[in-house]
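Have a look at the sequence and the model before reading on.

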Amino acid sequence: MAEILHIGLDDTDSKRGMCTTYVAALVLERIEALGAKAVDYPHLIRLNPNCPYKTRGNAAVSLHVSLGLDMLDMVRDAVLEIVEANYERGYGDTQPGVAFLKTQAVPEKLVEFGLRAVREMVTLEEALEVAGEVGAELHGFNGGRGIIGALASIGCSLRSHTFEAIAYRMRENWGTVRRLDKTSVYALHQLGVTFDSFDPVTGEVRVAPHTPCPVLAGVRALTPDDALNGLKMIKFLEGVERVVVFKTNQATDMHLTPAKIIQLKPYSNAVITGSVSRPAWTIEGGHTFIAIRDETGEIVCAAYRPTGGLRKIIRGLRVGDVVRVAGGVKPKPMGLTLNLEKLEVLELAKSYTIRPPRCDLCGGAMKSKGRSGGFRCRICGRRLPRTAALKTSEARTVCAGRYEVAATARRHLSKPLQLAGESL
Ligand code: ATP
């Protein structure tokens with residue numbers, strides 16, 4: 001009788017090397033050789049992008065296989081052996097975790113846990129409790145914080161998903177500069193069936209990371225065929241060890257959830273609708289801020305320098321403009337701040353410049369006597385009330401519509417506007 005085994009893996013890498021997707025590829029190869037059969041693509045799950053423990057993109061991976069009951073122990077031992085042999089040793093922050101769950105349908109409790117781990121912070125204790133309730137088996141190494149991500153990667157529902165085809169480097173090339181033909185990546189971008197391959201604004205090749213990890217390049221698309229065929233279009237000038245296609249929650253906005261300002265928690269992700277309560281200010285380094293208010297409170301929203309052109313849009317906003325903002329909530333000395341990923345300008349406030357009128361008796365220039373004092377003619381002394389002011393509506397540089405950060409600053413989970421539907 002065949003069983004379905006779900007295997008979650010996380011936290012095997014450090015900034016110095018390795019990648020959990022690669023460890024997962026090694027595991028899959030070994031357990032398939034033992035007779036396990038994949039029932040789905042491996043899942044590459046991006047967890048909370050605001051998580052302070054992440055090494056880079058907060059990725060975890062789950063594998064979903066069918067196998068005979070008699071193979072369970074052998075497969076479990078093989079998985080643990082590969083993780084133990086391949087995780088980055090010598091770093092306190094690399095705390096691998098492995099989760100096993102034998103079930104036909106992933107329990108709702110675990111699906112909820114997976115979603116929470118994408119949207120906010122969860123604790124190791126919560127992971128242990130959920131694992132106990134659903135009957136998952138957990139293994140941790142070097143502290144084992146990775147069991148949070150390992151368990152969440154099994155639970156994370158991929159009802160909405162995209163695909164990424166990843167090519168891995170030959171081991172002897174790890175840590176060296178990646179060699180691929182940039183023009184072939186540009187041609188791929190021009191074809192328009194993949195996303196995030198190339199940044200036309202900066203000319204940056206986006207498929208290849210700059211880290212010392214085993215990934216050579218990854219191509220993202222809405223279908224597995226487009227991702228794989230896209231990867232095949234790239235002309236690599238070095239050897240490829242293996243290729244794996246992952247089903248992912250990248251570019252789905254799964255981390256974003258509508259919230260009121262009063263509900264925001266540190267390291268969560270949210271979409272807030274409100275109005276601009278303080279006009280933009282820019283600090284040294286070009287980082288730009290604005291404040292938004294809803295009926296429950298006010299929050300500062302940040303567009304840091306790497307967000308690029310979004311800062312110009314922020315600077316063009318005026319008090320009273322109605323906006324929807326999406327991003328990650330960070331604790332800062334000035335209070336909670338929302339680091340902007342996307343912005344939708346829903347309604348532009350009428351914005352006027354106010355000038356003193358000409359005197360209606362002598363035509364002379366009038367002087368403002370302050371907010372409540374009206375105007376007084378500089379020549380004949382005639383007084384006029386404040387309502388006589390000349391109002392000219394200000395030409396706005398910003399239009400209603402949706403805006404996002406530069407492609408280079410985009411979160412893995414953020415759905416590019418190119419793929420988005422009607423709203424943020
Ligand atoms: P890479 O993207 O290169 O694989 P990484 O950025 O995924 O690296 P990890 O090395 O996996 O980073 O570290 C993230 C750690 O944070 C893991 O131990 C994981 O279990 C934990 N973690 C992930 N999401 C959450 C969350 N929402 N709440 C608490 N802990 C989390």
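Two strands count as paired if DSSP finds at least two bridges between them. Helices (H or I, at least four residues) and strands (E, at least two) are DSSP runs, numbered from the N terminus. Keep in mind that this is a predicted model: local features need pLDDT of at least 70, side-chain atom pairs count only at pLDDT 80 or more, and totals for chains, interfaces and linings use all residues. Residues are numbered from 1 along each chain as its sequence is written, and side-chain values use heavy atoms, with hydrogens and water left out.

Start with the open sheet, where 3 strands line up antiparallel in the order β19-β20-β21. At its edges sit β19 (366-368) and β21 (383-384), each pairing on one side only. β20 (residues 375-377) is joined to β21 by 2 bridges, in the antiparallel sense.

Now hop over to helix α6 (residues 182-191), where S184, V185 and L188 are buried (under 20% relative accessible area; exposed means over 50%, and partly exposed is in between, with a 1.4 Å probe and protein chains only). These residues are on the same side of α6 because they cover an arc of only 100 degrees around the axis, going by the directions from the helix axis to the C-beta atoms. Over on the other side of α6, T183 and Q190 are exposed.

Finally, visit M233, which is found in helix α7. M233 counts as partly exposed because its relative accessibility is 33%.
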